[in-house]
Amino acid sequence: MTSLPPVPPSEGPAPRRHRRLPLPHLTLPGCWGALVLACLSFTPSLLPRGGVLQGLICGISAAIGYGLGVVLASVWRAFADRDPRSPSRRSWLVLLVSAVVLFGVSFGLGQYWQHEIRRLMGVTDDNALTAVACPFVAAVVFLLLLLAGRGIRRLYRWAARLLRRWIGVRAARVVGWLLVAGLAWAAFTGLLLGGFVNVANEAFSVRDTQTPEGVHQPTSVLRSGGPGSLVPWDSLGYQGRAFTGSGPSAADIGAFTHRTAQEPIRSYAGLATADNAETRAARAVADLERAGGFRRQNLLVMTTTGSGWVDPAAVDSFEYLGNGDSATVAMQYSYLPSWLSYLVDQSKAREAGRELFDAVYDTWSKLPHDQRPRLFVAGESLGSFGGETAFSGEYDLRNRTAGTLFAGPPNFNTLFREFSDHRDAGTPEIQPVYREGRTVRFTDDPAAGMPPADRPWDGTRVLYLMHPSDPIVWWSPELALSEPDWIGERPGSDVLGSMFWIPFVTFWQVTADLPFSTGVPDGHGHTYKAAYVDAWNAVMRPTAFTAQDLDRLQEIVSPPS
């Protein structure tokens, strides 16, 4: 009897296997480094931070910490002459528990510090929901940077293997790193950064063709873009039209001074006025001369920020304190907003500041001495950088101007750095004293004084306004690896004493503060509106105003919100 063949198993659909998402392999030393810098990223910086921004800083800091941890572990193994080994489950458990505890404590302390910064600055708006998003944003940023770093590492290994065909192993490694680093830098600066700047330039150039709401073409012959002007209204740009189409009238000024006032002169040239800075400056000065600007008592050369913006409070204060017997000239050199121009348009600001002052000075210096107006120079932010470039130092400022006012100077300003770095011994960086304050002085609150109070301040006065909490003033690439004096010294009135320097972390914290430097109340960050009244009063030295008058003028040029 033959046996029956075995019954084959029923052929049904194969069971579906769930594939896990591939997660990047993490090393224990790298994770410890990431945890340490992530926790330290919650320490306070200069300005309040929301949850999303804090998550961005935390993720970047964690990625840097991870890389440092991996590098340090590799160096230690090289000295110990041993290969890497897999950590035990207990080591990972210790890391996990430590991460939960340390991150939780750091997160809580970070919320407390942000509350204290808001209290110092009088900031009331705070969205608690964004704080919840912080850990998730940090995790996403960390993973993206980790994957980008590993992509670069793979590219390096491929390049090194390829180079071994022609050169030795060690040389291939070195040349491979140099090639990959060069490609990464070129891609970032040329493609990413360059592309971003081009897109931003196109976007803001479209805005430059518009006119601010409530601003109309002037009907006065004393304004650029008005009747008889050598500069067409359509060529002034968005900020130029705002500058010449607004400002106090003679009646407004007279109501404040209780005297017969003149209507101020305002001259401006936009990017569309001419193709280059020299021609724009010449056109602006020609229009200034046409309007009679060189026959006024006070003449102000104002270097703008990137987009051509002039802080209305700066010029309005100058005009009120001069009883309208004043003229102001300015010109545009970029479409980009101030914080972006600050990073990419420094050369244009330098050229514009020098060309405009030289054009004004050339005409002014040819006038008879008894017919020259008092010549002043001013600039805010990148405008102060441009304004400085026309001068070689303290003596040049004193000899060629009647007074200078710079607000929120960027840390890379040549003269600002010279005056600050060579300050008198024992004076802090946030309020330095240069050569006993004989010409140049610094203050964060001109109403409270400009030290040294016991030394004379005769002749030309040069005044720098700079808040302790202004990231534009204090940001520098050197923050990444070296502690500046201003952090180690006694903090300013609106900076927490618990702020301290941390390699890499502090750099990214202050970098993240830059775009939000004007989003805080007046008197903090990069906002100087009310301070202009007392500052110009100190530089111009008018004699007809009391302290009560100056308080009243502050309410006019910077109305309380």
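**Rings and their partners**

Author: In this predicted model, Arg372 lies over the face of Trp364, at 4.6 Å from the ring centre. A charge sits over a ring if NZ of Lys or CZ of Arg is within 6 Å of the ring centre and within 35 degrees of the ring normal. The charged end of Arg400 likewise sits over the ring of Tyr361, 4.9 Å from its centre.

Reader: Which conventions apply?

Author: The model is predicted, so local features need pLDDT of at least 70 and side-chain atom pairs pLDDT 80 or more, while totals for chains, interfaces and linings use all residues. Residues are numbered from 1 along each chain as its sequence is written, and side-chain values use heavy atoms, leaving out hydrogens and water.

Reader: How many aromatic pairs does a search of the whole structure find?

Author: A pair of aromatic rings is described by the distance of the centres and the angle of the planes. Rings of Phe, Tyr and Trp (its six-membered ring) pair if their centres lie within 6.5 Å; planes under 30 degrees apart are stacked, over 60 edge-to-face, and the rest tilted. The search finds 23 aromatic pairs. Among them, Phe256 and Tyr320 are edge-to-face, at 5.7 Å centre to centre and 85 degrees between the planes.

Reader: Are Phe256 and Tyr320 buried or exposed?

Author: Both Phe256 and Tyr320 are buried (under 20% relative accessible area, with exposed over 50% and partly exposed in between; 1.4 Å probe, protein chains only).

Reader: Why is the pair of Phe376 and Trp536 edge-to-face?

Author: The ring centres of Phe376 and Trp536 are 6.0 Å apart and the planes stand at 85 degrees, so the pair is edge-to-face. Phe376 and Trp536 are both buried.
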